[in-house]
Amino acid sequence: MDTSGAYGGGKAGGAFDPQAFIQKPTVIVRAVCWLFSVIVMGCISDKGWYVKKTDNEEYCVYNDDTNACNYGVGISVIAFIACVGFIVGEYLFEQMSSVKTRKHYVLADLGFSGFWAFLYFVGFCYLSNAWGKTEFPPMGTANNMQGAIAFCFFSIFAWVACAFFAFQRFRMGAEAAFAPAYEVEGTVGSPGGFPAYPGAPDPQPPYSDPPFSQQQSGNVEYTAPTY
């Protein structure tokens, strides 16, 4: 099956252009998502935990809510792995010879990106609320904690952009699926512009010359009527 232009991709088996690949909007936005996930994960992992002197136990800086730190790190780790996988998928997308395979990839991209934008929205609200309740954060942790919240917020729009590009691809594929696969071409000389059946004689006009238009040449002999 010809996959030229299917779901926004080039024809399968084409030459790989590294420069064009890096400049693709889908790859750029996915790289931004990857970077944001690293920042959120790094901020929380570096300064998100502290040890209380009273019991020598580790607590999350976000209002001592362990789930808040685990949530921020968890969604960022999965986002990190997913971004690497989708960037590899972008490279393999041009090599997919099956339209169904491309469709499944686009749907997976659309579903995951939309869902992760929602999870980052929940994470932003969760961490912001927990940070607002933190009365005495350990010294030197404020910048990291606020940075994690800020990049959770930025990640929402980055993943929404990924979902938007995936939706555009899906719409292109859907429009191509319902496009007419043939064109009716008329044949010269066929009535109504439709091709004649094999072996049919060439159609002729009903009259080669207008009736009664021929004139006799020469002298016409007149015969008197008989009474």
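Cys 125 is partly exposed, with a relative accessible area of 35%, where partly exposed lies between buried (under 20% relative accessible area) and exposed (over 50%), using a 1.4 Å probe and protein chains only. Welcome to this predicted model, in which local features need pLDDT of at least 70, side-chain atom pairs count only at pLDDT 80 or more, and totals for chains, interfaces and linings use all residues. Residues are numbered from 1 along each chain as its sequence is written, and side-chain values use heavy atoms, leaving out hydrogens and water.

**Cysteines**

- The model has one disulfide, a disulfide being a pair of cysteine sulfur atoms within 2.5 Å.
- Cys 60 and Cys 69 are the partners, with 1.8 Å from S to S.
- Their link is right-handed, with 75° about the S-S bond.
- Both Cys 60 and Cys 69 are buried.
- Cys 152 is in no disulfide, and the nearest cysteine sulfur, that of Cys 43, is 9.4 Å away.
- Cys 152 counts as buried, at 1% relative accessibility.

**Nonpolar cores**

- A nonpolar core is a set of buried Ala, Val, Leu, Ile, Met, Phe, Trp, Tyr and Cys residues joined through side-chain atoms within 4.5 Å.
- In the largest core, which has 31 residues, those touching the most other members are Ile 44, Tyr 62, Trp 116, Tyr 120, Leu 127 and Trp 159.
- Two or more residues of this core come from each of α2 (25-47), α3 (66-93), α4 (99-132) and α5 (142-177); helices are DSSP runs (H or I, at least four residues), numbered along with strands (E, at least two) from the N terminus.
- Helix α5 gives the largest share of this core, eight residues.
- Leaving aside residues up to four places away in sequence, Leu 127 touches Ile 44, Tyr 62, Ala 68, Ile 149 and Cys 152, with contact meaning heavy atoms within 4.5 Å.
- Another core, of six residues, lies apart from the largest one and includes Ala 82, Phe 93, Met 96 and Val 106.

**Nonpolar surface patch**

- Phe 16, Trp 34, Leu 35, Val 38, Val 84, Val 88, Tyr 91 and Leu 92 make a nonpolar surface patch of about 660 Å².
- Residues in such a patch have over 30% relative accessible area and no salt bridge, and their nonpolar side chains (Val, Leu, Ile, Met, Phe, Trp, Tyr) are joined within 5 Å.
- Both α2 and α3 supply at least two residues of the patch, and α3 gives the most, with four residues.
- Leu 92 is in helix α3 and counts as partly exposed, at 40% relative accessibility.

Note on methods
Patches are made of residues with over 30% relative accessible area and no salt bridge: like charges are joined within 9 Å, nonpolar side chains (Val, Leu, Ile, Met, Phe, Trp, Tyr) within 5 Å. Accessible areas come from the Shrake-Rupley method with a 1.4 Å probe; for residues, only the protein chains shown count as cover. A salt bridge is a side-chain nitrogen of Lys or Arg within 4 Å of a carboxyl oxygen of Asp or Glu.
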